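Welcome! Take a moment to look over the sequence and the 3D view before reading on.

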Amino acid sequence: DIPTMVWDPKKVADGDVVKVKVTILGDAGDEVCSDCTELCSCVVEVGIKGCLKVAPSPCMFCLPYFPPMESGWWSGLALTNAGSEDVDCTVTFYADGDSVDVKIPVKAHSVVTRMLSQLGLDEHIDGSKYMYANVKAVGEDASAAVSGVVVMGTDYQSYGYLSKPGFCGCDSCR
């Protein structure tokens, strides 16, 4: 586990690779320094500033699958704010290089539901493509309070799943 890091914003910019030097006494195995047996020092890349590989809290999460809008399946999402402050959610939908942001405010202690057909996605995304979405919630209480659920179905069946912590599909993440 890497502890919280503090850096000078004048020296570190978004997109910079964050590396740490690791020194291990004894055999580190193959996970950190594969060439070492006794004393091992090596530099390990831990991330990219400005692009989270794993979210520090539920305020940023991924909805990793939506069926194509033209597939005969309906799809929707529910955003839950269990906190005591209102939040503003930005849901960014992605499909084959296309993307669109949808703003959805969620009041404190409430749930907002939306069918994808209500969001105007067909103006920006090809309806024959599979999609995923990243959700970012901004507000005083967002880090501990916001979560999401996706539902989908046809006339005969339906499915759903909970959100996945962290962003998926971040173009600048490795």
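## A polar contact

Which residue's side chain does the side chain of threonine 92 join in a polar contact? The partner is aspartate 101, at 2.5 Å. A polar contact is a pair of N or O atoms within 3.5 Å; within protein, one must be able to donate a hydrogen and the other to accept it, and residues adjacent in sequence count only if both atoms are side-chain atoms.

## How to read this model

This is a predicted model, where local features need pLDDT of at least 70, side-chain atom pairs count only at pLDDT 80 or more, and totals for chains, interfaces and linings use all residues. Residues are numbered from 1 along each chain as its sequence is written, and side-chain values use heavy atoms, with hydrogens and water left out.

The average pLDDT (the predictor's confidence in each residue, from 0 to 100) is 76 for the protein, and 66% of the residues score at least 70. Over residues 52-58 the pLDDT is below 50. Where pLDDT is low, the predicted coordinates should not be read in detail.

## Around threonine 92

Threonine 92 sits in strand E5, residues 87-95; strands are DSSP runs of at least two residues, numbered from the N terminus. Because its relative accessibility is 12%, threonine 92 counts as buried (under 20% relative accessible area, 1.4 Å probe, protein chains only). Leaving aside residues up to four places away in sequence, threonine 92 touches Tyr132, Ala133 and Asn134, among others (heavy atoms within 4.5 Å).

## The sheet

Five strands form an open, antiparallel sheet in the order E6-E5-E8-E3-E11; two strands pair if DSSP finds at least two bridges between them. Strands E6 and E11 each have a single partner strand, so one side of each lacks a neighbour in the sheet.

Definitions and conventions. Helix = DSSP H or I, 4+ residues; strand = E, 2+ residues; numbered from the N terminus. Buried < 20%, exposed > 50% of the residue type's maximum accessible area, 1.4 Å probe, protein only.
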